[in-house]
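Reader: I am new to this structure. Could you walk me through how to read it, starting with a pair of helices?

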Amino acid sequence: MKLHEYQSKQMFSEHGIPIPRGRMALNAQEVKSIAEELAGRVVIKSQVLVGGRGKAGGIRLVNSPEEAEDVATQLLGMRIKGLPVRRLLVDEAAEIETEIYLGVTNDRSARCPVMIASAEGGVEIEEVARVTPEKIVRVWIDPLLGMRSYQARFLASSIGLPRKHWKAFTRITKGLFETFLDSDATLAEINPLVITGDGRLLALDGKMVLDDNALFRHVELAEMRDIDEEEPVEREARKYGLSYVKLDGDIGCMVNGAGLAMASMDVIKLYGGSPANFLDIGGGAGSEKVAAALSIILKDPSVKAVLFNIFGGITRCDEVARGILSALKEIKTDVPMVVRLVGTNEAEGRQLLADANMVTATSLADAAKKAVALAKENSAS
Amino acid sequence: MSILINHQTRLLVQGITGREGMFHTAAMIQYGTKVVAGVTPGKGGEWVQDGKVPVFDTVQSAVNATGANVSVIFVPARFAADAMLEAADAGLPLIVCITEGIPVRDMMTVRHYLDQKGSRLVGPNSPGLLTPGQCKVGIIPGHIARKGDVGIVSRSGTLTYEVLYALNEHGMGVSTCVGIGGDPIIGTSFMDVLEMFEADPHTEKAVLIGEIGGSDEEQAADFISDHMTKPVVGFIAGQSAPPGKRMGHAGAIVEGGSGLAKDKIEALKRVGVSVADHPEMIPELLD
């Protein structure tokens with residue numbers, strides 16, 4: 001789960017990291033009054049959960065409360081990479097001398113958090129890593145010992161930070177790590193961390209991603225989820241405990257198990273087709289869940305054929321067949337469907353679907369070829 | 001003719017009275033696995049599975065009473081870290097964690113502690129292990145595999161069953177099948193299992209089933225190049241997966257340009273591994 005900039009910075013601030021004065025607003029009137037409170041130049045920042053807001057014109061510097069109100073009205077009508085702007089952060093403008101990058105994430109192969117710093121702040125760190133990898137410094141943090149002061153000093157000296165800022169930098173680094181740890185984040189990033197004209201360190205922008213699997217112990221953080229920012233269909237899938245990712249092809253897929261779902265998509269592609277989605281119904285799915293999954297797939301207008309690949313272990317093929325039938329009772333559709341059922345109760349499952357006018361397949365390759373052919377036929381007609 | 005589990009395995013089931021624990025314990029017993037004990041805090045003293053398996057409150061008491069040497073964990077995600085630590089503390093040399101959805105932070109501390117204790121963890125988010133004809137630990141359907149000389153190691157569940165099924169259809173058998181789990185932080189890597197297959201006199205060939213995310217497959221490729229004499233066939237799932245999107249498994253995500261399927265496939269091909277275009281081709285490549 002991603003947090004907005006204003007939410008991330010709020011959490012940084014609670015851990016002793018200096019952030020600009022400012023607040024989130026939902027309408028232009030509020031923006032104006034915050035600008036009046038802050039007195040002087042302010043930055044109005046669109047709060048959407050995608051990168052590149054600045055380039056898209058979603059971040060604007062204004063000189064007066066009146067201008068702030070005008071700009072806020074414009075921004076609130078905008079879409080950035082398809083996402084409508086519904087919230088604005090109004091921050092006092094900072095005078096920027098230097099921009100630094102500071103972030104912490106999990107290193108999978110080292111199996112511990114890694115704190116990353118770079119003198120090249122304000123640009124995407126992936127880009128820095130690609131073009132000038134020598135400008136990135138890392139320290140690995142022992143999960144049992146936490147972030148130590150010497151590690152922060154090592155980062156500070158390695159990125160050439162003037163000594164007079166080391167104390168503040170160490171405090172910020174430790175604060176960032178604590179924020180990361182306390183909230184079960186998988187990413188906590190300050191980009192840029194700036195040195196201002198008057199010599200202060202300030203977290204100008206913030207980004208956090210939380211571990212969905214840990215939200216059970218962070219009820220207050222789970223409530224911060226901005227459901228307006230999600231695809232309605234992905235939200236619907238989450239409600240049913242389905243793992244669904246929308247893709248841009250035309251063959252809808254329903255599979256049990258994530259690895260098999262990916263492999264099924266790959267085989268579709270191998271035979272010249274293109275998957276419309278990733279969908280894992282999980283282990284032991286009942287007919288209700290299967291029905292929900294099928295209705296989600298069929299809601300996508302680009303779907304020209306559907307492929308079911310079910311390898312029954314804990315999942316029972318007859319339950320899946322019942323789910324398919326009950327969904328088809330609700331939704332009238334001409335979309336052709338290919339079913340492959342193998343494993344637990346496969347005979348019962350096939351029997352149930354015998355009258356449902358579906359194409360059956362014995363192997364995954366066979367199923368994929370048939371789905372690809374049907375999708376092509378259906379788009380041509 | 002196996003690695004990690006065999007007919008001498010004396011299995012302890014943590015979370016034996018839960019829905020999943022109950023169901024799969026029955027299946028494991030039916031397969032012939034010696035399930036010697038179960039643990040559910042607060043239910044010590046009960047007997048389950050038609051009165052055949054004693055339940056204990058703690059792992060230590062279960063180990064003391066029954067000599068269990070492997071533990072399999074079916075407890076819910078929020079209690080799983082504790083369960084793994086308890087098993088390691090009781091000195092179990094092998095811990096298999098089936099549970100999915102454990103927070104990453106928990107896994108970092110658990111792995112750290114287990115390494116110090118010297119316990120091997122398989123998983124989490126693993127379907128478990130299967131040594132056909134001898135022992136099944138976890139949830140892999142036993143009837144789809146026969147005894148043989150192919151070692152299988154995989155990050156996935158049902159995709160592995162698909163491969164077992166395809167091998168069986170071609171009359172090929174398996175020495176041991178190991179599901180290492182689909183999470184970003186796991187106890188046992190591809191490399192660890194390949195090393196065991198290389199050393200196992202009854203494994204002649206190995207199959208590696210990987211997927212997008214992380215760099216475990218690339219490390220396996222290095223290991224194969226430097227240390228494996230036995231042939232390896234591979235498959236990598238997720239060639240059609242878009243970057244930045246988590247594909248079901250917590251660990252299956254392409255981040256910052258790393259973890260791509262094509263890089264893994266190239267790394268494996270470079271060291272002489274035959275990589276299948278789709279999972280059903282694996283038996284042909286093993287021939």
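Author: Start with the residues that touch. In this predicted model, B:Phe190, B:Met191, B:Leu194 and B:Glu198 of α6(B) meet a set of residues in α7(B). That set is B:Asp216, B:Glu217, B:Gln219, B:Ala220, B:Phe223, B:Ile224 and B:His227.

Reader: How many nonpolar, polar and charged residues does the contact of α6(B) with α7(B) have?

Author: Sort them by class. The contact has six nonpolar, two polar and three charged residues.

Reader: At what angle do helix α6 and helix α7 of chain B pack?

Author: Look at the axes. Helix α6 covers residues 190-199 of chain B, and helix α7 covers residues 216-227. They pack at an angle of about 30°, and their axes are 8 Å apart. Angles under 35 degrees count as roughly parallel, so α6(B) and α7(B) are roughly parallel to each other.

Reader: Is the crossing of α6(B) and α7(B) left-handed or right-handed?

Author: The crossing of these two helices is right-handed.

Reader: Let us step back to the whole chain. How many helices and strands does chain B have?

Author: Chain B has nine helices and 14 strands. Its C-alpha atoms fill a box of roughly 55 × 40 × 30 Å along the principal axes.

Reader: Why does the radius of gyration of chain B agree with a compact globule?

Author: Compare two values. A compact globule with 287 residues would have a radius of gyration near 19 Å. Chain B has 18 Å, so the two agree.

Reader: What share of chain B is buried?

Author: Buried residues make up 58% of its 287 residues. Take the contacts in chain B between residues at least 6 apart in sequence: 71% of them join residues at least 24 apart.

Reader: What are the values for chain A?

Author: Chain A has 13 helices and 19 strands. Its C-alpha trace spans about 75 × 50 × 40 Å along the principal axes. Of its 381 residues, 47% are buried. Among contacts between residues at least 6 apart in chain A, 70% join residues at least 24 apart.

Notes:
Residues are numbered from 1 along each chain as its sequence is written. Chains are lettered from A and ligands numbered from 1 in the order in which they are written. This is a predicted model: local features need pLDDT of at least 70, side-chain atom pairs count only at pLDDT 80 or more; totals for chains, interfaces and linings use all residues. Helices (H or I, at least four residues) and strands (E, at least two) are DSSP runs, numbered from the N terminus. The radius of gyration is taken over C-alpha atoms; the globule rule is 2.2 Å times the number of residues to the power 0.38. A residue is buried if 20 or more other C-beta atoms lie within 10 Å of its own, exposed if 12 or fewer, and partly exposed in between; C-beta atoms are placed from the backbone. Two residues are in contact if their C-beta atoms, placed from the backbone, lie within 7 Å. Axes are lines fitted to C-alpha atoms, for helices over the stretch in contact, and angles run from 0 to 180 degrees between N-to-C directions. Angles under 35 degrees count as roughly parallel, over 145 as roughly antiparallel, 65 to 115 as roughly perpendicular and the rest as oblique. A crossing is left-handed if the near helix is turned anticlockwise from the far one by less than a right angle, and right-handed if clockwise. Ala, Val, Leu, Ile, Met, Phe, Trp, Tyr, Cys and Pro count as nonpolar, Asp, Glu, Lys and Arg as charged, and the others, Gly among them, as polar.
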